[in-house]
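Please read it alongside the sequence and the coordinates.

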Amino acid sequence: MPGLTLPTLPTADVRAHNSENSCYVTIGAKVFDVTSFVSDHPGGGELILEYGGKDVEHILKDEASHFHSESAYEILDDCLIGFVANGEVLEGAVQSSKPGEILPLLPSKQGKQELEKLDSNGKVVYAATGISSAEDLSKPTDAQTDYKVHKFLDLDKPLFMQIWNGGFKKEFYLEQVHRPRHYMKGDSAPLFGNFLEPLSKTPWWVVPMVWMPPVVYGTLYGTSFVGVQQGLGYWFFGLFFWTIIEYVLHRFLFHLDGYLPDNRVGITLHFILHGIHHYLPMDKYRLVMPPTLFAALAAPFWKFAHTIISWNYYGAVVAYCGGVFGYICYDLTHYFLHHRNLPAWYKSLKKYHLAHHFADYQNGFGVTSRFWDRVFGTELDMGPPKVVKSS
């Protein structure tokens with residue numbers, strides 16, 4: 001069929017071919033180069049040039065003007081050079097269940113690559129993650145089949161030693177760890193497989209239970225020295241500063257892909273810090289940060305807060321508490337985005353964050369807000385996929 005080998009021509013380009021040196025006409029989506037026929041037309045070449053770059057379907061069927069025999073259509077078939085995608089035809093193709101029969105186009109190189117990303121149901125499969133939607137994050141993974149196909153990790157065996165002893169190259173590791181899996185034999189896949197296993201799991205409620213009391217105490221303690229008004233100012237400064245820390249940590253520590261050492265120490269640390277979350281994004285016990293890990297990461301910021309606010313020790317304490325409260329909000333928000341039905345505003349944020357997991361993990365680093373993504377140009381494109389697949 002010609003539609004499988006002939007190109008698609010822009011409408012403006014077709015309309016520009018309206019002279020005796022180069023004359024195109026169309027019938028529906030088909031484009032014909034009738035330049036060589038202009039001088040041979042029985043009724044005179046000017047009749048063809050009158051419709052140069054235009055559709056001639058109506059005039060060919062107008063018996064009052066001139067009756068065209070089957071031979072005329074045969075001549076046109078020999079002049080077929082491609083197809084034109086006008087608005088009406090494109091709209092019809094998009095709405096149709098068989099767009100290929102309306103608009104039989106030759107895919108471009110990029111188009112072919114996009115088509116290859118479609119699964120058997122016609123959904124886009126994102127190359128970076130191997131899945132197509134947020135719903136796919138919760139589809140159970142058959143551990144044995146997954147291991148045979150990808151030769152990465154066996155979900156039924158402790159993951160830590162597999163990472164440590166796997167001998168994975170960085171490129172292969174990053175490709176696989178960002179292809180989400182979902183463990184089907186319990187709440188969490190085994191990480192250590194020994195007495196350390198319980199220490200690797202953290203229910204969401206542990207975060208406010210452990211950290212809210214010191215935040216409240218530290219805030220009241222510091223405010224008692226600087227006053228309520230100044231205390232609120234320091235506290236909200238710390239809360240705002242947390243949003244920057246959240247973005248920087250997520251982008252440059254948790255996703256240090258380009259700077260990740262290509263050895264098992266770097267790869268294992270990456271997996272423990274954040275890789276396991278992208279590998280098993282719906283594991284509800286490895287979604288929030290264990291208190292020991294947060295304490296280790298937060299300790300340097302105590303000194304940092306007192307360096308930034310060096311003129312007032314108690315103001316720095318209050319600001320630090322505001323920052324820790326921001327962390328609490330971040331971890332709870334992160335958990336709820338994965339595991340709770342949320343109000344309308346949060347649903348938009350949930351869609352945004354889950355797209356970070358299933359579509360583009362190299363953008364969309366904000367969890368509680370898109371603000372810093374917009375500032376630094378890493379905001380996710382949330383538009384619908386512009387790919388149509390014929391059935």
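The sections below describe a predicted model.

## Annotated histidines

The UniProt record, an unreviewed entry, lists His41 and His68 under "binding site". His41 lies in the loop that runs between strand S4 (30-33) and helix H2 (45-49). Its relative accessible area is 17%; because the cut-off for buried is under 20%, His41 counts as buried. Leaving aside residues up to four places away in sequence, His41 touches Leu47 and Ile48.

## Helix H14

Helix H14 covers residues 291-308, 18 residues in total. At 1.5 Å a residue it should span 26 Å, and its end C-alpha atoms are 25 Å apart, so the two values agree.

## Nonpolar cores

Which residues touch the most other members of the largest nonpolar core? They are Trp211, Phe294, Tyr327 and Ile328, out of 33 residues in that core. H11, helix H12 (228-253), H14 and H15 each supply at least two residues of the core. H15 gives the most, with 13 residues.

Not counting residues up to four places away in sequence, Phe294 touches Trp211, Met289, Val324 and Tyr327. Apart from this core lies another, of 20 residues, which includes Phe152, Ile267, Phe271 and Leu280.

## His357 in helix H16

A further histidine, His357, is placed in helix H16 (residues 344-358). Is His357 buried or exposed? Its relative accessible area is 1%; since buried means under 20%, His357 is buried.

The contacts of His357, again without residues up to four places away in sequence, include the histidines His277, His278, His334 and His338. His357 also touches Thr129, Leu137, Pro180 and Pro281.

Technical notes: Residues numbered from 1 in each chain as written. Predicted model: local features only at pLDDT ≥ 70, side-chain atom pairs only at ≥ 80, totals over all residues. Heavy atoms only, no water. UniProt positions renumbered as here; feature names shortened; annotations may be inferred. Helix = DSSP H or I, 4+ residues; strand = E, 2+ residues; numbered from the N terminus. Buried < 20%, exposed > 50% of the residue type's maximum accessible area, 1.4 Å probe, protein only. Contact = heavy atoms within 4.5 Å. Expected span 1.5 Å × (residues − 1). Core = buried A, V, L, I, M, F, W, Y, C linked by side-chain atoms within 4.5 Å.
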